[in-house]
Amino acid sequence: MELLPYAITPALLLGAWISGTLIERWHLSSLSRLESGSRDILAVTIEDIPPDWRVESSDLVIGNVVISQDYFKRVAASLKGIVGGNIRVYEPLLERARREALIRMKEAARERGHDTIINVRIETSRLASSRPDGKGTAGVEILAFGTAVSLSGGRPRLGVTP
Amino acid sequence: MLISNTQEIPGKTIVAFHGVVSGSTVRAKHIGKDIMAGLKNVVGGELKGYTDLLSEARGEAIRRMSYQAEAMGANAIVNVRFATSSVAQGAAELFAYGTAVKVE
């Protein structure tokens, strides 16, 4: 019983590792499903509309997601932070969040009847912790936005829609 | 109000510039959402409460920016940008700005 306090942290780490891994796996499979569903919406980062496009209407569309790292990976990252180098455990997290935000932006465009998004921008910002000591992070927000347009006479042959 | 983050409103012509317009909101996190987010912070994944909170707040910032443009007699806002900053512990400012224009 005296050892109980020492068991809590490893148990929390193990629990976080298992659940974090499961959530990540589930998210990745849901992402690839959703991505194939929104493939008909073309998103590009070009600012200017090609002169031969006949734009009928446009709307600003936004997709956002707030995502957090599981406790195990946060601890792993802080250990890695001591020696430096790539913090690989964070790379899949941010990649997942960007893909999710892009999908949401595309779905927002579809809801308004558009099929093309130009001038897409992606921003990342860290949300400050609500803990009084200011430690830790409340999560990272990824924001994707762009100008969705509807083209009369359909989209010219720019996109590859397999 | 037509809003776009491009240099002009696609398919329209700018006939007058009215200047910079902006809108912002500062939101603090809700205690109930915060407890849930605290739990989610252990297991990882999306913090849905925060996603919704920020998207509502950003919507409000855009609305305020639109009112300002309307008051200037503009009918569109071009080159819209967003900025997010943590102004205080547990609170975030959502800021939207752009150029109010008249298009035809």
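Q: What makes the largest set of 49 residues a nonpolar core, and which of its members touch the most others?
A: In this predicted model, the name applies to buried residues of nonpolar kinds that are joined through C-beta atoms within 7 Å, and the largest such set has 49 residues. A:Val61, A:Ala101, A:Met105, A:Ile117, A:Ala144, A:Phe145 and B:Ile77 are the members that touch the most others. At least two residues of this core come from each of β2, α3 (91-111), β3 and β4 of chain A and from each of β1 (2-3), α2 (48-71), β4 (76-88) and β5 (91-103) of chain B, while α3(A) gives the most, with 8 residues.

Q: Which residues does A:Val61 touch, leaving aside those up to four places away in sequence?
A: The residues that A:Val61 touches are A:Met105, A:Ala108, A:Ala109, A:Ile117, A:Phe145, A:Gly146 and A:Ala148.

Q: Why is A:Arg88 called exposed?
A: A residue is exposed if 12 or fewer other C-beta atoms lie within 10 Å of its own, and A:Arg88 has 11 of them within that distance, so it is classed as exposed. A:Arg88 belongs to the loop between α2 and α3 of chain A, and its C-alpha atom is separated by 16 Å from that of A:Val140, which is 52 residues away along the chain.

Q: Which residues of helix α2 of chain A are buried, and what follows just after this helix?
A: In α2(A), which covers residues 71-83, the buried residues include A:Tyr71, A:Phe72, A:Lys73 and A:Arg74; the term requires 20 or more other C-beta atoms within 10 Å. Just after the helix, A:Gly84 has a positive phi of about 85°.

Q: How do you know that chains A and B touch, and which element of chain A gives the most to that side?
A: A contact requires C-beta atoms within 7 Å, and under this rule 40 residues of chain A are in contact with 32 residues of chain B. On the side of chain A that touches chain B, two or more residues come from each of α1 (4-37), β2 (55-68), α2, β3 (116-127) and β4 (139-151) of chain A, and β2(A) gives the most, with 10 residues. By class, this side has 18 nonpolar, 15 polar and 7 charged residues.

Q: How do you know that β2(A) pairs with a strand of chain B?
A: Pairing requires at least two bridges, and β2(A) has 2 bridges with strand β3 of chain B (residues 45-46), so the two strands pair; their sense is antiparallel. A:Ser68 stands opposite B:Gly45 of β3(B).

Q: What makes β1 and β2 of chain B edge strands?
A: Chain B has an open sheet of 4 strands in the order β1-β4-β5-β2, with mixed pairing, and β1 and β2 (14-28) are its edges in that each pairs on one side only. β2(B) and β5(B) pair in the antiparallel sense over 13 bridges, with B:Gly23 opposite B:Ala96 in β5(B). α2(B) packs on the sheet, touching β1, β2, β4 and β5 of chain B, and its direction makes about 145° with that of β2(B).

Q: How do the axes of α1(A) and α3(A) lie, and what is the hand of their crossing?
A: The two axes come within 10 Å and cross at roughly 35°, and the crossing is left-handed. Among the residues that make the contact are A:Leu28 and A:Leu31 of α1(A) and A:Arg99 and A:Ile103 of α3(A), and by class the contact has 5 nonpolar, 1 polar and 5 charged residues.

Key: Residues are numbered from 1 along each chain as its sequence is written. Chains are lettered from A and ligands numbered from 1 in the order in which they are written. This is a predicted model: local features need pLDDT of at least 70, side-chain atom pairs count only at pLDDT 80 or more; totals for chains, interfaces and linings use all residues. Two residues are in contact if their C-beta atoms, placed from the backbone, lie within 7 Å. Ala, Val, Leu, Ile, Met, Phe, Trp, Tyr, Cys and Pro count as nonpolar, Asp, Glu, Lys and Arg as charged, and the others, Gly among them, as polar. Axes are lines fitted to C-alpha atoms, for helices over the stretch in contact, and angles run from 0 to 180 degrees between N-to-C directions. A crossing is left-handed if the near helix is turned anticlockwise from the far one by less than a right angle, and right-handed if clockwise.
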